[in-house]
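Hi,

Here is the structure I said I would pass on.

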Amino acid sequence: MTTHDTFSGQNTGDNGPSSTTDTVRFDRYEIVLELGPHREFLRIVEVRVSKDFRSVQQKVDSVDYHDVSDLYKE
Amino acid sequence: MFYESEPQAVLRFGDVVRGYVLSAPQIDSPGTSPPVRYRVEVHSPMFAVIMSPCCSIGEHTLAISPLDEVPPQFFRNPYFANDLTNINRPMSAEKAVWPDKWATFSSEEKQERMAEGDAYALVEHFVYAPHDLLPTYPVKGPGGPRETGYYTVDFRRICRIECNKIVKPDQAPLETKVLQISIETRGELRDKLAWYFGRTPKEDML
């Protein structure tokens with residue numbers, strides 16, 4: 001049985017690699033970072049173009065809704 | 001990945017938190033100033049979700065919403081029952097209802113509904129996936145009783161709390177933080193919440 005550290009993700013007894021990746025959005029790019037056990041920056045893994053170029057307003061305007069809420073009421 | 005495997009030591013939009021008290025005024029006679037009859041009900045949900053945008057967390061104020069058990073009716077739809085977080089994303093009209101219900105619609109109604117394209121259903125809800133830190137509970141679905149670990153945020157139940165310990169996202173009671181959702185999930189929550197408040201009612205469309 002192991003205990004779990006909520007903020008580091010390390011389990012007692014774990015000996016595996018401690019680095020993780022995190023994705024940061026910058027303008028129209030997504031930057032994948034490798035982070036150390038204390039979330040310190042290690043290196044840039046990948047820079048890619050975000051495939052979703054829509055603004056929040058464009059997303060709102062482009063989506064409608066299905067009027068089904070009443071069907072799910074008791 | 002619904003949750004971040006390594007939560008940050010800051011409060012963020014979409015975080016699951018605990019230890020907060022929520023209140024909702026119940027006004028029996030609105031229209032007079034002050035109202036003659038009202039009461040304030042206070043409750044402390046087991047879990048709540050931060051609904052303030054990350055950059056707006058601070059100045060002793062936080063918008064949160066209780067994390068509620070999922071209504072059992074949601075399990076009528078096998079597309080939802082298979083993964084209730086499907087409710088968080090736009091879907092076809094056929095997937096928005098269960099097959100027996102879809103079969104009752106006329107061909108014209110089916111065509112009308114399908115013409116909407118992919119769209120949100122159950123617009124007030126954003127479902128949180130099961131996690132070891134969220135206890136399961138029994139629900140009575142069409143296939144009989146079952147245990148589930150899904151929870152939902154109802155955008156209609158967002159309320160404001162004040163807490164002197166909340167100064168900035170990283171100067172806040174971090175001990176209240178239970179789970180952090182992933183960047184992708186936070187994007188979905190942001191999109192659906194923005195859509196919920198930002199949609200133009202049909203009667204206002206020119």
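This is a predicted model: local features need pLDDT of at least 70, side-chain atom pairs count only at pLDDT 80 or more; totals for chains, interfaces and linings use all residues.

**Between the two chains**

Polar contacts do turn up: the count between chain A and chain B is nine residue pairs, with both residues at pLDDT 80 or more.

On the side of chain A that touches chain B, the elements giving two or more residues are strand 1 (20–26), helix 1 (56–62) and strand 4 (64–65) of chain A. Strand 1 of chain A provides the largest share of that side, with four residues. Sorted by class, that side of chain A has eight nonpolar, seven polar and eight charged residues.

For chain A and chain B, the buried area is about 2,800 Å², and carbon and sulfur atoms give 56% of it. The contact draws 23 residues from chain A and 38 residues from chain B.

**Strands that pair across the chains**

Have a look at strand 4 of chain A as well. Two bridges join it to strand 6 (residues 119–120) of chain B, and the two strands run parallel. Within this pairing, D64(A) stands opposite A119(B), which belongs to strand 6 of chain B.

**A serine in chain B**

Which residues does S92(B) touch, leaving out those up to four places away in sequence? They are H66(A), G117(B) and D118(B), so with H66(A) the list takes in a residue of chain A, going by the 4.5 Å contact cut-off. S92(B) itself sits in the loop between helix 1 (78–82) and helix 2 (99–104) of chain B. Its relative accessible area is 18%, and because buried means under 20%, S92(B) counts as buried.

**Chain A by itself**

Chain A has one helix and four strands, and along the sequence they follow the pattern β-β-β-α-β. Chain A has 74 residues, of which 26% count as buried. Looking at contacts in chain A with a separation of 6 or more, residues 24 or more positions apart account for 4% of them.

Cheers

Definitions and conventions
Residues are numbered from 1 along each chain as its sequence is written. Chains are lettered from A and ligands numbered from 1 in the order in which they are written. Side-chain values use heavy atoms; hydrogens and water are left out. Buried means under 20% relative accessible area, exposed over 50%, partly exposed in between (1.4 Å probe, protein chains only). Buried area is the accessible area (1.4 Å probe) that two parts lose on being put together, summed over both. A polar contact is a pair of N or O atoms within 3.5 Å; within protein, one must be able to donate a hydrogen and the other to accept it, and residues adjacent in sequence count only if both atoms are side-chain atoms. Ala, Val, Leu, Ile, Met, Phe, Trp, Tyr, Cys and Pro count as nonpolar, Asp, Glu, Lys and Arg as charged, and the others, Gly among them, as polar. Two strands pair if DSSP finds at least two bridges between them.
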